[in-house]
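Subject: Structure handover and findings

Dear colleague,

Please find below the structure for your review. A summary of the findings comes after it.

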Amino acid sequence: MEIKKTLNGNELLVAVEGRLDTTTAPQLEENVRSSIDGMKSLVFDFEKLEYISSAGLRVLLAMQKIMNKQGSMTIRNVNETVMEVFEVTGFVDILTIE
Amino acid sequence: MVYVQLILLTLLPSVVTCLLYWCNKWCSRSSFFAGKGKIVKKIIFGLVFGWAAVASTKLSVPLGGALVSARDACVLTAGLVFGAPSGLVAGFIGGVGRFLKGDTYTSLGASLTTILAGMVGAALRKWMFDDKRPSLFYGTAIAFVLEVVNMLLVFLTNMQNVRESFLLVESAALPMIAINGLAVLLSMLAVSILSGDFRHNERRKDRLRLAEAFSRWLLCCVVLAFVVSFLFIYGLETRLAYSDAESMLTLYIEDVRDDINDASDENLLALTRAIREEVEDLGSLNRAALVELLKKYDVSEISIIDENGIIVESTTLIYYGFDMASGEQSKEFLVLLDGTNELVQRYQTVSHKAGVAMKYAAVTLSQGGFVQVGYNSQRFQRDIDERVEGLTRNRHVGEDGFMLIANNNFNLVSDPNDHEGESLYATTGLKTEVGGEWQLTREVVYGEDSLVMYGVTEGYYIIGVMPMREVVFGRDMSLYTTVFIMIMVFAFLFLLIYFLVKKLVVENIQKINSSLEEITGGNLNVSVDVRTNKEFVSLSDDINSTVQTLKGYIKEAAARIDKELEFARTIQLSTLPSVFPAFPDRTDFDIFATMDTAKEVGGDFYDFYLLDDNRLAFLIADVSGKGISAAMFMMKAKTIIKSHADNESDVALILTRANRDLCENNEAEMFVTCWMGILDFRTNIVTFANAGHNPPLVRHKDGRFEFFKTRPGFVLAGMEGMKYRLGELSLMPGDEIFLYTDGVTEATNSRNELYGDERLEKCLNGLVGMNAKEICRAVKKDVDEFVGEAPQFDDMTMLSLLLMEKDCISLDPKEENMETLLGFVEERLEASDVPVKTIRKMSIAVDEIYSNIRLYSGATTAKVECSVLNSTVQLVFMDNGRPYNPLETKDPDITLSAEEREIGGLGIFMVKKTMDQVTYEYMDGYNRLSLRKSFD
């Protein structure tokens with residue numbers, strides 16, 4: 001998995017490439033947590049994300065909880081497989097998906 | 001000597017026939033005379049028979065001016081027995097030989113007959129007997145008719161002397177006909193016996209051919225007509241002959257009588273004239289002068305009658321004054337008073353004295369009245385005898401008849417045999433009690449049967465004699481000619497009717513029969529078309545319309561049967577598992593089976609079913625016979641086996657019990673061969689039992705198909721109380737097993753070769769990487785190509801079972817092995833062309849389940865099996881951790897907000913949601929979680 005972070009003022013854009021599973025989820029969490037402080041907006045770009053497992057969902061949920069306090073979180077370019085996971089797990093109601 | 005000659009003549013044709021028959025047999029074996037040589041052979045045979053005919057002519061026995069021989073029999077036998085060319089050649093040689101001999105005047109007729117015999121034999125053999133040997137009866141009849149023709153020809157060629165030629169024919173006819181008929185009969189009999197037909201003929205007796213029956217009736221009718229007309233002609237001709245003889249004899253006797261009368265009349269008249277001269281010279285009449293004259297002329301009586309018819313002077317005193325008009329006899333002389341000059345009377349009884357016979361003559365006297373002179377019998381006899389004597393010696397009546405004259409003492413006066421003076425009765429043998437005058441009587445005269453008639457005049461008996469043979473000569477000639485001509489007419493009629501019946505009836509019937517044979521042979525498209533006459537047209541039309549109607553019925557019936565069979569077929573097929581993939585949720589094995597029936601319904605069957613999740617029962621069976629009965633027995637067998645398999649997992653016991661049930665009430669004596677196995681997926685061991693079925697073919701992974709032969713048990717339903725042995729076959733994932741019925745190995749092509757075990761084995765080993773369905777299809781295709789156009793005789797059933805190879809990975813459930821596992825699964829799925837989307841879902845599942853095992857189970861070993869079959873991916877996770885059924889965990893509430901959400905349980909929930917099927921079991925110390933997901 002590769003993570004590309006782009007900081008634009010108080011807006012953080014995180015582009016995730018590859019798989020977001022048990023192995024890689026902790027890296028993403030650690031990575032995002034380290035730069036999320038004071039951010040008004042967190043945007044995930046999942047254009048190149050292959051799939052996401054429950055471990056990945058846990059990271060997203062944790063991030064969503066943080067951003068609910070300090071701003072907003074948006075997820076972009078969700079592919080079909082990932083979207084299906086979101087739908088099955090009810091995450092579509094929690095997350096803001098563009 | 002003559003008899004020996006006759007016997008030799010009779011036997012000659014049969015001897016030649018026998019020799020040539022053997023020769024012919026030898027020839028056909030040596031094949032020297034094949035093809036065109038056959039004609040040469042027949043001509044050679046003809047030459048031999050020609051020689052025999054000439055020899056027969058040489059040996060001939062002279063009889064009544066004719067030569068009796070069996071020449072015609074030789075020629076006829078050649079034609080009838082050895083064929084037309086032989087007959088023609090023999091006839092020509094025989095005929096020419098006979099003509100050149102030429103010593104009797106029958107030679108022309110006889111040689112013509114011989115040539116005719118050759119032609120008749122040849123023609124009849126060719127056209128009447130269809131170039132086959134005729135029966136004994138026909139052969140003899142032909143010889144008979146031919147000899148009759150011979151006789152007629154002899155007769156015809158010698159018309160200048162009918163009598164002589166008739167006598168010849170009369171004497172020669174019977175021997176000729178007998179010898180030739182017998183000779184032909186013997187020849188035909190000899191050939192019949194040699195060829196063995198003789199015994200066959202006996203058995204065929206009761207079935208007459210139409211033409212034969214016809215001719216037989218014709219023969220009866222003609223013979224009847226023949227007999228009737230023969231009797232009629234006989235009667236008529238006899239009457240005619242008698243009346244001819246009668247008139248002839250009458251004529252001759254009258255002739256002689258007239259001669260005698262003339263002679264006696266002349267004599268008496270001459271005396272009377274002389275006496276008249278003397279009386280006129282006397283001038284005066286006195287009795288003494290008359291007595292002088294009486295003495296001088298040696299007469300019995302002289303009377304002078306005056307113009308009034310009164311005797312005025314007489315040598316007999318009592319006549320004086322007698323009135324001539326007073327007596328019948330004397331009255332006749334009164335005509336002399338009316339201008340007649342002379343009158344002579346017959347020798348007869350006189351008027352004036354009964355019992356006295358006299359002959360009178362009278363001559364008129366110039367002075368008026370007349371003188372009457374009379375002879376008494378003695379005087380008359382004396383006077384006439386010398387004139388009558390030998391009168392008839394040279395008179396013939398017809399050819400051989402003759403005349404006799406006897407005087408009133410019954411002594412012969414005239415006799416062609418010079419017996420004059422002798423007694424009539426003693427010499428000629430005539431009997432005294434001969435009938436009346438002018439009546440025909442039959443007497444033996446001079447030792448010959450004759451017709452006799454007599455007339456009396458002037459005291460003489462004139463006897464006409466005609467031998468009977470001469471009397472009936474004309475009759476016999478008519479009879480012979482009539483009989484001969486009738487025989488010829490019959491023969492001709494017979495031939496005519498025979499050919500007419502053959503042409504108009506038999507040939508048409510044969511045509512109709514051959515059409516009917518085709519129709520009964522199953523070809524209903526044949527139409528009968530004989531249109532020679534009205535009856536056959538109507539018969540043809542009737543048959544055609546019957547066939548059309550029949551065709552309609554058959555079509556209807558066939559359609560109904562087809563429909564019912566189609567139902568039966570549907571029902572039968574519906575009892576066999578026929579939806580494939582049969583177990584779409586099982587990826588650990590692949591099974592496929594087909595049944596191709598030879599008829600609409602078949603006697604083969606296959607079956608398979610899961611006894612539980614881990615055991616698959618599968619079997620193939622073949623009922624003896626085909627069609628409906630086999631199909632019904634198959635249904636019974638299948639149901640019984642299935643019902644036992646439901647309660648019993650020992651295959652041998654299943655078959656043992658099925659056999660017991662099938663033997664009950666098996667009155668149709670049918671039986672079933674069956675191979676049944678139960679595969680346990682946990683051990684991959686097949687336990688099986690074989691009831692007389694073909695051995696299956698088994699291929700172990702990376703090996704070749706080989707026949708798995710074990711000693712089979714007896715067939716099911718064959719014998720009560722049979723027990724079946726249990727066998728075991730160990731398989732591994734990737735192994736294959738192929739079951740079939742003998743319809744496959746015994747499929748036959750048009751050259752009558754069997755498909756056979758070797759071809760099947762070779763075909764299966766040529767198939768690589770195919771699934772069960774493809775294997776069955778490929779084998780079927782190979783068999784079809786082998787069989788070609790030849791029809792399918794037996795049901796053809798195949799069952800293919802593949803134990804799927806499962807890719808399996810075993811690893812220590814640690815985090816660092818996660819990548820390995822994912823790599824393993826993804827690689828397998830990609831290799832099986834599973835869509836990326838499905839691969840990703842499977843990856844998510846692997847991530848979730850593996851994390852669970854790794855983090856919570858405490859397992860030290862985890863195994864994952866991955867397989868793809870029938871567009872389904874199956875993943876099986878096994879771990880030796882704590883028994884834990886993840887399916888029992890409570891699903892998370894996914895409607896809660898982000899703050900309220902618990903994060904646990906989401907992974908297994910996702911797996912349950914995205915997979916088609918998730919099953920769990922704990923077995924042998926392992927948690928076993930199985931995931932299944934289908935793709936398009």
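Predicted model: local features only at pLDDT ≥ 70, side-chain atom pairs only at ≥ 80, totals over all residues.

Residues are numbered from 1 along each chain as its sequence is written, and chains are lettered from A and ligands numbered from 1 in the order in which they are written.

Helices are DSSP runs (H or I, at least four residues), numbered from the N terminus. Helix H3 of chain B (residues 71-82) has twelve residues and spans 16 Å from first to last C-alpha, close to the expected 16 Å (1.5 Å times one less than the number of residues). Twelve of its twelve residues are buried, so H3(B) is largely enclosed by the rest of the structure; a residue is buried if 20 or more other C-beta atoms, placed from the backbone, lie within 10 Å of its own. B:Gly83, which follows H3(B), has a positive phi near 105°.

Axes are lines fitted to C-alpha atoms over the stretch in contact, and angles run from 0 to 180 degrees between N-to-C directions.

- H4(B) (residues 84-101) and H5(B) (residues 107-128) pack at about 180°, with axes 8 Å apart. That makes H4(B) roughly antiparallel to H5(B) (angles over 145 degrees).
- The axes of H6(B) (residues 136-156) and H7(B) (residues 162-195) come within 8 Å and cross at roughly 155°. That makes H6(B) roughly antiparallel to H7(B). The residues of this contact divide into 17 nonpolar (Ala, Val, Leu, Ile, Met, Phe, Trp, Tyr, Cys and Pro), seven polar and one charged; Asp, Glu, Lys and Arg count as charged and the others, Gly among them, as polar.
- The axes of H22(B) (residues 818-831) and H23(B) come within 10 Å and cross at roughly 150°. H22(B) and H23(B) are therefore roughly antiparallel. Their contact holds nine nonpolar residues, one polar and two charged.

At the interface, 22 residues of chain B are in contact with 20 residues of chain A (C-beta atoms, placed from the backbone, within 7 Å). Helices H23 (836-857) and H24 (906-914) of chain B each give two or more residues to this side of chain B. H23(B) supplies the largest share, eight residues. The residues on this side of chain B comprise seven nonpolar, six polar and nine charged.

Yours sincerely

Conventions. Contact = placed C-beta atoms within 7 Å. Parallel < 35°, antiparallel > 145°, perpendicular 65-115°, else oblique.
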